[in-house]
Amino acid sequence: MEVTTDDYKVWYEPETATVNFQGLLREGTIADYKAIEQLLNEALALELPTMTINLLALEFIDSSATSVLSRFVIGIRKKKSIGLVVKASKLIPWQEKFLDNWKKLLPNLTPQWE
């Protein structure tokens, strides 16, 4: 599973149950992220005990992509049997705030800071 544009790349690694984000998510509308939403939903449908979201190479995220990812986190919360690990960097200021907000949606989220 992979979504690639000139600005970003999102791909799923089944060996590690990791969805990786790289580049700049700045499309503008939620509809523009349909392919990413589908990738996330396919990964969620696998119902693995733990999933990882890797944001380390994601430089920017717009509000529409934030909404898509937040809905994914809510989907994990509804499953109740899936744990979520998020790899992020404190060197990218928005990522810390982002994870704080996600912890409100999913209190058992595990951040991995690098």
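User: What pattern does the protein chain follow along the sequence?

Analyst: Read along the sequence, the pattern is β-β-β-α-β-α-β-α-β. The chain has 3 helices and 6 strands. Helices (H or I, at least four residues) and strands (E, at least two) are DSSP runs, numbered from the N terminus. This is a predicted model: local features need pLDDT of at least 70, side-chain atom pairs count only at pLDDT 80 or more, and totals for chains, interfaces and linings use all residues. Residues are numbered from 1 along each chain as its sequence is written, and side-chain values use heavy atoms, with hydrogens and water left out.

User: How do you know that the radius of gyration agrees with a compact globule?

Analyst: The radius is taken over C-alpha atoms, and the globule rule is 2.2 Å times the number of residues to the power 0.38. For 114 residues the rule gives a value near 13 Å; the protein chain has 13 Å, so the two agree. Along the principal axes, the C-alpha atoms fill a box of roughly 35 × 30 × 25 Å.

User: Why is Ala17 called buried?

Analyst: Buried means under 20% relative accessible area, exposed means over 50%, and partly exposed lies in between (1.4 Å probe, protein chains only). Ala17 has 8%, so Ala17 is buried. Ala17 sits in the loop between strand 2 (8-13) and strand 3 (18-25). Its phi is near 55 degrees, a positive value in a residue other than glycine.

User: And what makes Glu47 partly exposed?

Analyst: Its relative accessible area is 46%, so Glu47 counts as partly exposed. Glu47 belongs to the loop between helix 1 (34-45) and strand 4 (50-61). Glu47 is not a glycine, and its phi is positive, near 50 degrees.

User: Why is Thr52 buried, and what does Thr52 touch?

Analyst: Thr52 has a relative accessible area of 11%, so the residue is buried. Thr52 is part of strand 4. Leaving out residues up to four places away in sequence, Thr52 touches Thr16, Ala17, Thr18, Val19, Val85 and Lys87. Contact here means heavy atoms within 4.5 Å.

User: How do you know that the length of helix 2 agrees with its residue count?

Analyst: The expected span is 1.5 Å times one less than the number of residues. The 17 residues of helix 2 should therefore span 24 Å; the end C-alpha atoms are 25 Å apart, which agrees.

User: Which residues of helix 2 are buried, and what do they pack against?

Analyst: Ser64, Ala65, Val68, Leu69, Ser70, Phe72, Val73, Gly75 and Ile76 are buried. The buried residues of helix 2 pack against strand 3, helix 1, strand 4, strand 5 (83-88) and helix 3 (93-105).

User: Why is Arg77 called partly exposed?

Analyst: Arg77 has 37% relative accessibility, so Arg77 counts as partly exposed. Arg77 lies in helix 2 (residues 63-79). Beyond its neighbours within four places in sequence, Arg77 is in contact with Leu105 and Leu106. Gln22 is 55 residues from Arg77 along the chain, and their C-alpha atoms are 24 Å apart.

User: What share of the chain is buried, and what share of contacts join residues at least 24 apart?

Analyst: Buried residues make up 44% of the 114 residues. Among contacts between residues at least 6 apart in sequence, 69% join residues at least 24 apart.
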